[in-house]
Amino acid sequence: MAESLILPSEDESVQATNDDATSSKKYAVDQGYWKDDYVQFFCRSAEKRTPEICRGYYARVLSIQKLLVKFLKLTSCDCHVINLGAGFDSTYWTMRDRGLTPRTYIDIDFPEVNKKKCQIIKKRKQLLEPLSKDSSHSATPTEISSTELHSAHYHVLSCDLRKVGELSKKLLDLGFDTNTPTFILSECVLVYMSSESSNPIIEWAGKTFSTAIWINYEPILPDDRFGRTMLSNLKYRGCALLGIDSCPDLTSQRQRFLNYGWSHSWALDMCQVYSLLPRDDVARIERLDFLDEKELLTQLLQHYTLSCGFKDTKGIGLERVSLEDKTL
Ligand SMILES: C[S@@+](CC[C@H](N)C(=O)[O-])C[C@H]1O[C@@H](n2cnc3c(N)ncnc32)[C@H](O)[C@@H]1O
């Protein structure tokens, strides 16, 4: 298998992309792009980012949050959320603050990343206390090992996603009910894996869950000038986008879900997503940073996609989990 040839240093470079994502989110939150009281605990100081990067992250975070909120409300939180390659994502805590705590929320990443995440959660009462307060049975304490955490609703699970058998076993060991509606998120993750590794996860989830929606965010269009520059910058940092050639555009992003067991799919580029975000909030964030020339932002947004696959055996109305109405 190609994966056995991956050197540890390549995995380390992929893991380090989490630091970049967390730092970019922290910087944008500090500038007021969106509210997140928890990202500060996962990143002490963030380097300055350009307005284009901040607006790109704004569109990414707000659109994913909007879809997740719709799903949580649709299921009255009687659902599972699985965040694949979650890194230091703080969405669990921000959703909880909005009164939206799903039955089970699982953040999955490499043990090396989760080790740091568990250490941070352990040290911060603002992160740790809500986990035990969530418990409906006061006898359910939060268990933290060096690389995993288990509480009443929130879990940090360590797994190399390229090993789908291991992923499946770990979820079943948690007592995961595959008939409960499930939201799967992969935010800038699948693209770091070859299609031989990512397609089996999509196929496994498509077969395993009866009613589920998968939201995927990642770069596309590797073959034009902007795309080639994006790829060579990442390669310079030791990070190859192993999956981009097998899913390089909106059509292949949509088709991938249909090929691997999902009955419906859609894909938008982030320019389209940006135009679907609420105009008043977009006007607010556009006042935060002056952007003289919009061409670079447009190119950046065109080179990322938000795609979705869903199957709705229970008929709960997953087609309504969309960005079509311009409200938050
Ligand atoms: C760019 S970061 C994104 C983090 C988070 N999803 C976000 O958007 O803020 C990519 C994450 O995917 C994780 N990842 C990539 N390949 C993985 C694999 N094979 N198994 C587990 N995690 C993986 C990395 O460790 C890293 O934390």
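Modeller: Rings of Phe, Tyr and Trp (for Trp, its six-membered ring) form a pair if their centres lie within 6.5 Å, and planes under 30 degrees apart count as stacked, over 60 as edge-to-face and the rest as tilted. This is a predicted model, in which local features need pLDDT of at least 70 and side-chain atom pairs count only at pLDDT 80 or more, while totals for chains, interfaces and linings use all residues. Side-chain values use heavy atoms, with hydrogens and water left out, and residues are numbered from 1 along each chain as its sequence is written.

Colleague: How many aromatic pairs does the structure hold?

Modeller: A pair of aromatic rings is described by the distance of the centres and the angle of the planes. The structure holds 17 aromatic pairs. In one of them, the ring centres of Phe42 and Trp93 are 6.0 Å apart and the planes stand at 50°, so this pair is tilted. It joins distant parts of the chain, since Phe42 belongs to helix H2 (residues 39-42) and Trp93 to helix H4, 51 residues apart; here helices (H or I, at least four residues) and strands (E, at least two) are DSSP runs, numbered from the N terminus.

Colleague: Are Phe42 and Trp93 buried or exposed?

Modeller: Buried means under 20% relative accessible area, exposed means over 50%, and partly exposed lies in between (1.4 Å probe, protein chains only). Phe42 is buried at 6% relative accessibility, and Trp93 is buried with a relative accessible area of 0%. Ring pairs also link Phe42 and Trp93 into a cluster with Tyr38, Phe41, Phe88, Tyr92, Tyr105 and Tyr154.

Colleague: Which residues does Gln126 contact, leaving aside its neighbours within four places in sequence?

Modeller: A contact means heavy atoms within 4.5 Å. With those neighbours left aside, Gln126 is in contact with Tyr38, Phe41 and Trp93, each of which belongs to the ring cluster. Gln126 lies in helix H6 and, at 34% relative accessibility, counts as partly exposed.

Colleague: What is the angle at which the axes of helix H5 and helix H6 cross?

Modeller: Axes are lines fitted to C-alpha atoms, for helices over the stretch in contact, and angles run from 0 to 180 degrees between N-to-C directions. The axes of H5 (residues 111-123) and H6 (residues 125-133) come within 5 Å and cross at roughly 85°. H5 and H6 are therefore roughly perpendicular to each other, on a scale where under 35 degrees is roughly parallel, over 145 roughly antiparallel, 65 to 115 roughly perpendicular and the rest oblique. Ile120, Ile121, Lys122 and Lys123 of H5 make the contact with Lys125, Leu127, Leu128 and Leu131 of H6. These residues divide into 5 nonpolar, no polar and 3 charged, where Ala, Val, Leu, Ile, Met, Phe, Trp, Tyr, Cys and Pro count as nonpolar, Asp, Glu, Lys and Arg as charged, and the others, Gly among them, as polar.

Colleague: Where does UniProt place the feature "binding site"?

Modeller: UniProt positions are given in the numbering used here, with shortened feature names, and annotations may be inferred rather than shown by experiment. The unreviewed UniProt entry places this feature at Arg60, Gly85, Asp160, Leu161 and Glu187. These positions are spread over 128 residues of sequence and also in space, up to 24.2 Å between C-alpha atoms. Arg60, in helix H3 (residues 51-74), is buried at 6% relative accessibility, and beyond four places in sequence it touches Ala21, Lys25, Glu187, Cys188, Tyr217 and Met270. Gly85 sits in the loop between strand E1 (80-84) and helix H4 (91-97) and is partly exposed at 21% relative accessibility. Beyond four places in sequence, Gly85 touches Ile108, Asp109, Leu161 and Val189.
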